[in-house]
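Colleague: I would be grateful for a close look at a single part of this protein. Please take the sequence and the structure together.

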Amino acid sequence: ANADEPTIRRFEREATAANGRQYLLRLFPYRRGHDRGTTWGVVITLLDVTRLKVAERDLRSAREQAAADLRRMTSLHQVTARLALPSGLRDLQDEIVKAAVEIAGSDMSTLQTCNDKGVLVITSQVGLDSTFLDYFASVDSHTDTACGAAMAARDRVIVEDITTSPYFGGGALPVMLAAGIRSLQSTPLFDRSGEFVGMLSTHYRSVHRFGQLELQWLDLLARQAADLITRRQTEEQLSRTNEVLEHRIADRVKWLTLLHQVTRAIQDAATWDEAISAALERLCDAERWQVGFVYVPGAADPDVIVPTVGCLRDERFRPFYTFSEAQRYTRHQGLPGLVFADGIDRWVIDAEELCGLAPVRRQAIVDAGFVSAVSMPIIFGSQIIGVLELFSDQPHTPEQTLELLQDTEGARKAYQ
């Protein structure tokens with residue numbers, strides 16, 4: 001070496017041997033004494049850094065795993081916070097499938113709930129087309145699907161590649177592939193008592209290898225989802241029950257008020273006909289019946305009933321009212337005659353059926369546009385002493401509304 005040769009600088013590089021071990025290769029010039037301008041040679045060192053690199057990779061992997069866990073934990077916390085907010089069951093289910101996609105890193109997700117018939121029904125989903133949703137709309141434990149198998153086994157089913165899976169028979173596999181699904185998992189949901197609630201599934205567009213941590217996070221979500229769904233279902237059922245009770249209480253108050261009004265009208269009436277007329281008017285007003293009649297047996301023939309008291313609350317129906325006033329009915333004849341014969345209430349909520357039960361007044365009913373009617377016996381002790389008949393051009397559902405006019409024993413005694 002001499003001064004005219006190029007200057008050799010320090011050089012450092014990582015290298016991998018054929019056996020896979022890793023080294024740090026260092027090259028630097030060798031100089032003697034104080035003669036720093038002359039390079040006498042090159043010093044080469046090899047430092048085995050295999051363990052160091054493994055430790056670095058492990059540390060990097062641990063940091064990445066910690067970051068992923070933190071991301072999932074944050075997502076699960078956010079989801080739990082969102083689910084804790086007041087919302088309907090449908091909103092809750094939508095949040096659950098969104099959380100499944102976030103936590104599992106999947107492309108699609110479905111939530112199925114189990115109905116009273118033991119059938120899984122898709123109640124929420126992310127990323128799936130209508131063909132898939134229609135095909136798998138209802139699934140049970142005998143259906144050739146992963147969720148059906150999970151339902152039967154009461155355990156998670158994992159399918160890393162649906163093309164090699166035995167779970168999809170018939171036309172299921174083409175539908176899955178057309179939806180872009182290549183792998184999936186289905187996790188059953190159970191409430192705290194062990195009752196089956198539904199199924200949470202995540203779907204992936206490529207072959208997927210499920211890690212233990214991923215499944216553990218799905219288990220956490222599934223447990224929370226089952227608890228929240230059960231709680232929300234209970235809350236909604238309780239709410240519906242309360243609404244029914246409130247409705248019944250309101251109805252009871254309404255009819256107690258009406259009963260009081262009718263009783264007061266009967267007491268204030270001078271005659272039996274006036275009493276029945278007052279009761280009929282209040283009943284028509286309370287329930288928005290436009291036409292009403294009370295039939296009683298005629299003086300000449302007790303087997304024939306005639307309209308003794310009538311009520312017209314809308315002049316549009318005057319032709320029907322006038323036509324009906326002129327009618328007489330023997331037992332089993334027409335709507336009032338049937339009730340007079342057997343004492344059975346008859347609620348009619350169909351215009352065609354109504355015309356069939358009142359053939360004599362068919363055209364008058366059609367012209368009036370009536371769609372509902374009721375005919376009930378008026379009972380004194382154990383005897384049928386008359387028939388109540390009401391008509392409306394609005395739908396009316398059967399209720400215990402008219403019982404107050406069926407039992408007229410008190411009023412009858414008052415005017416005997």
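Is strand E8 (residues 183-190) mostly covered or mostly uncovered, and how many of its eight residues are buried? Please also describe the surroundings of this strand.

Modeller: The model is a predicted one. Within it, strand E8, which spans residues 183-190, is mostly covered, as seven of its eight residues are buried.

The strand partners may be taken in turn. Strand E7, residues 157-159, pairs with E8 in the antiparallel sense over three bridges. Val159 has Leu184 of E8 as its bridge partner. Strand E9, residues 196-204, also runs antiparallel to E8, and eight bridges join the two. Here the bridge partner of Ser186 is Ser201 in E9. E8 and E9 form a hairpin with five residues between the strands, and in this hairpin Gly194 adopts a positive phi near 90°. As a general point on strands, side chains in a regular strand alternate between the two faces of the sheet.

In soluble globular proteins, nonpolar side chains tend to be buried together. The largest nonpolar core of this model has 24 residues, and Leu184 is listed among those with the most contacts inside it, along with Phe132, Phe136, Phe168, Met176 and Ile181. At least two residues of this core come from each of strand E5 (120-126), helix H4 (146-153), E7, helix H5 (172-178) and E9. H4 gives the most, with five residues.

The contacts of Leu184 can be listed by residue, leaving aside neighbours within four places in sequence. They include Val157, Ile158 and Val159, residues that lie within the span of E7. Thr202, His203 and Tyr204 are also in contact with Leu184, and these positions fall within E9. Further contacts of Leu184 are Ala146, Ile162, Phe168, Met176 and Phe210. A second, separate core of 23 residues includes Ile305, Phe317, Tyr321 and Tyr329.

Not counting residues up to four places away in sequence, Thr123 touches Arg90, Gln93, Leu111, Gln112 and Thr113.

A disulfide is a covalent bond between the sulfur atoms of two cysteines. The search of the whole structure finds zero disulfides. Cys147 is buried, at 10% relative accessible area, and Cys355 is buried as well, at 4%.

Methods: Residues are numbered from 1 along each chain as its sequence is written. This is a predicted model: local features need pLDDT of at least 70, side-chain atom pairs count only at pLDDT 80 or more; totals for chains, interfaces and linings use all residues. Side-chain values use heavy atoms; hydrogens and water are left out. A disulfide is a pair of cysteine sulfur atoms within 2.5 Å. Buried means under 20% relative accessible area, exposed over 50%, partly exposed in between (1.4 Å probe, protein chains only). Helices (H or I, at least four residues) and strands (E, at least two) are DSSP runs, numbered from the N terminus. Two strands pair if DSSP finds at least two bridges between them. A nonpolar core is a set of buried Ala, Val, Leu, Ile, Met, Phe, Trp, Tyr and Cys residues joined through side-chain atoms within 4.5 Å. Contact means heavy atoms within 4.5 Å.
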